[in-house]
Amino acid sequence: MDKPFAITLDPGSSLANKTGSWRTERPVYVDLMPPCNHACPAGEDIQQWLYHAEDGGYEAAWRQIMLDNPLPAIMGRVCYRPCETACNRAQLDTAVGINSVERFLGDEAIRQGWTVPVTAPDTGKSVLIVGAGPSGLSAAYHLRLLGHRVTLRDSGHWAGGMMRFGIPAYRLSRDVLDAEVGRILAMGVTWEGGQPVTDIEQAMADGGFDAAFLAVGAQRGKHADIPAGDSAKILDAVSLLHDMEGPERPQLGRRVAIYGGGNTAMDAARTARRLGATDAVVVYRRTRDRMPAHDIEVEEAADEGVRMMWLSTIARADEGKLTIEKMELDETGFPQPTGEFTELAADTVVLALGQEAELSLLDGVAGIEIEDGVVRVGTDLMTGRRGIFAGGDMVPAERTVTVAIGHGKRAARGIDTWLRGAGIAAGTVAASTGPRLADAGRLNTWYYSDAPATVRPQLDAARRITTFDEVTGGLDEKTALFEARRCMSCGNCFECDNCYGVCPDNAVIKLGPGRRYEIDMDYCKGCGICAAECPCGAIDMLPETT
Ligand SMILES: Cc1cc2nc3c(=O)[nH]c(=O)nc-3n(C[C@H](O)[C@H](O)[C@H](O)COP(=O)(O)OP(=O)(O)OC[C@H]3O[C@@H](n4cnc5c(N)ncnc54)[C@H](O)[C@@H]3O)c2cc1C
Ligand code: SF4
Ligand code: SF4
Ligand code: SF4
């Protein structure tokens, strides 16, 4: 196949001799797990969809993603891209822009109106999903594909969860969100918006559901006891961002202090700038390197004129001003008060101190265990109450959209097994021993041509603060194709012909496009040149056993 970024060697022309019995090692073709795939919390087979995309097979690439993740256009905007952090190409120049290709494919699917048909026969089993955030939506999608009936119930009138009521429109356009959410709901999901579930056992009994998946997220903003005068204006970031989706824009004033150091704090500060704040200041009690916000979010906020006050806490809030206490880190890195105070002019304080899950729908449910404010689940995501599963922000895990999507898939499979009576008990799915990874050490990177990563277009900072339009643009077809071709196919043969070309004994047999190669052991001397010259590490040399 056509692989423009890898150099191919010509086939050898020597006359080969049959091998005697002295070979000590033999080459074996292997398929290894690329580190990108391994790092994707949604479990995407990234290498496989990049492989389709690099030949212009965009629909096939999109369908490959959709086997694991029903929200690629959204992921291509908000995922924190652990796949790129793990990508081997970073050791050669820069990681493959996996996320930008994913966005291109997701957008292309929306443009073309591609859908995923439900072809599985109806199982007659029905599942209640509580919460229509990414986790609930992902579970609904996968359960429908498995033939189950799905009711998706949410207290809000609009599906999307924190993707709609948390992540601002300048990072995730609402048209894209609506298109991908709408595509899932149109797969025969019964959507019940505006219906909070207050008692899960009751809701299951009333609706005659066979199983439930809970994905209620962590919706409640944490509060801090800040001594405050009567007229101080204090609100929480989650409510602020939620209200951005309402009919009226929140009024914050010109000077806004945001208290906290996570991604939500950055979103609140950048939203405040767009709402007209001339001074948006993030007040954080530690230092930049200890801030939980991702670097990219901090940089983009700074580009938009958001100021940062490190090593600071809000000691008191009064109308129009805050009393700030300077902090210092002790030897364990914990912030300690110094007794030094300054003033900061602020019309509004926005608390961005993290979120917690509201779990009262589980009150009194036998078997449920709640620890540190989240629900304990097994590896199949079943809770201690058989038939009730949970995932996303309400269970112990990293709180990201991609993790939530991965949980939705995992729970759907667990629920399917449970409903088909395959006899799993809560938390008893065996942990796998883990796949063999194609690490960078196996690659011959010099075979790959230089190909610097494509940079996504960005709105300039001055324009950004006057609009809620998306800050980061997408790739066009040419740049998406280029980016897909930067993939080195780590650990899996991409039919470059090198092994076929370098074998001094012509022992490599080419089976034809898509069918790869085999070794003629009558001729192979076990010299290992094929393994040494395979660009992507797809050949192992194993000791002869006889
Ligand atoms: C401001 C902000 C920005 C973020 N940015 C990013 C980002 O860029 N990238 C990223 O990966 N992650 C981001 N996250 C985190 C991400 O949004 C969450 O991890 C993810 O949405 C969790 O998904 P979920 O399905 O578990 O829950 P949620 O998305 O929180 O959805 C839960 C749903 O359950 C509903 N619900 C709650 N209780 C009930 C009930 N009793 N009855 C019925 N319905 C109920 C809610 O209305 C909601 O729709 C951000 C979070 C915030 C707050
Ligand atoms: S969902 Fe995230 S981790 Fe998975 S492929 Fe896309 S960008 Fe990478
Ligand atoms: S080069 Fe390709 S296969 Fe290898 S880690 Fe990066 S994206 Fe994955
Ligand atoms: S096994 Fe390696 S060297 Fe042989 S064709 Fe495949 S990628 Fe090329």
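1. A salt bridge here is a side-chain nitrogen of Lys or Arg within 4 Å of a carboxyl oxygen of Asp or Glu, and a search of the whole structure under that criterion finds 41 of them. The structure is a predicted model, in which local features need pLDDT of at least 70 and side-chain atom pairs count only at pLDDT 80 or more, while totals for chains, interfaces and linings use all residues. Side-chain values use heavy atoms, with hydrogens and water left out, residues are numbered from 1 along each chain as its sequence is written, and chains are lettered from A and ligands numbered from 1 in the order in which they are written.

2. Arg63 and Glu59 form a salt bridge with an N to O distance of 2.9 Å, and both belong to helix α3 (residues 58-66), where four residues, about one turn of the helix, separate them. Helices (H or I, at least four residues) and strands (E, at least two) are DSSP runs, numbered from the N terminus. Arg63 is partly exposed at 30% relative accessibility, and Glu59 is also partly exposed, at 33%; buried means under 20% relative accessible area, exposed over 50%, and partly exposed in between, with a 1.4 Å probe and protein chains only.

3. The salt bridge between Asp68 and Lys409 has its closest N and O atoms 2.8 Å apart. Because Asp68 sits in the loop between α3 and α4 (72-78) and Lys409 in helix α14 (residues 401-419), this pair ties together parts that are 341 residues apart in sequence. Asp68 and Lys409 are both buried.

4. Glu304 and Arg464 are likewise joined by a salt bridge, with the closest N and O atoms 3.0 Å apart. Since Glu304 is in the loop between α13 (295-303) and β10 (307-309), and Arg464 is in helix α15 (residues 461-464), the pair ties together parts that are 160 residues apart in sequence.

5. Helix α6 (residues 98-112) packs against helix α9 (residues 174-185) at an angle of about 70°, with the axes 11 Å apart; axes are lines fitted to C-alpha atoms, for helices over the stretch in contact, and angles run from 0 to 180 degrees between N-to-C directions. The two helices, α6 and α9, are therefore roughly perpendicular, a term covering 65 to 115 degrees. Contact (heavy atoms within 4.5 Å) involves Gly106, Asp107, Ala109 and Ile110 of α6, and Val176, Ala179, Glu180 and Arg183 of α9. The residues of this contact divide into four nonpolar, one polar and three charged, where Ala, Val, Leu, Ile, Met, Phe, Trp, Tyr, Cys and Pro count as nonpolar, Asp, Glu, Lys and Arg as charged, and the others, Gly among them, as polar.

Conventions
Parallel < 35°, antiparallel > 145°, perpendicular 65-115°, else oblique.
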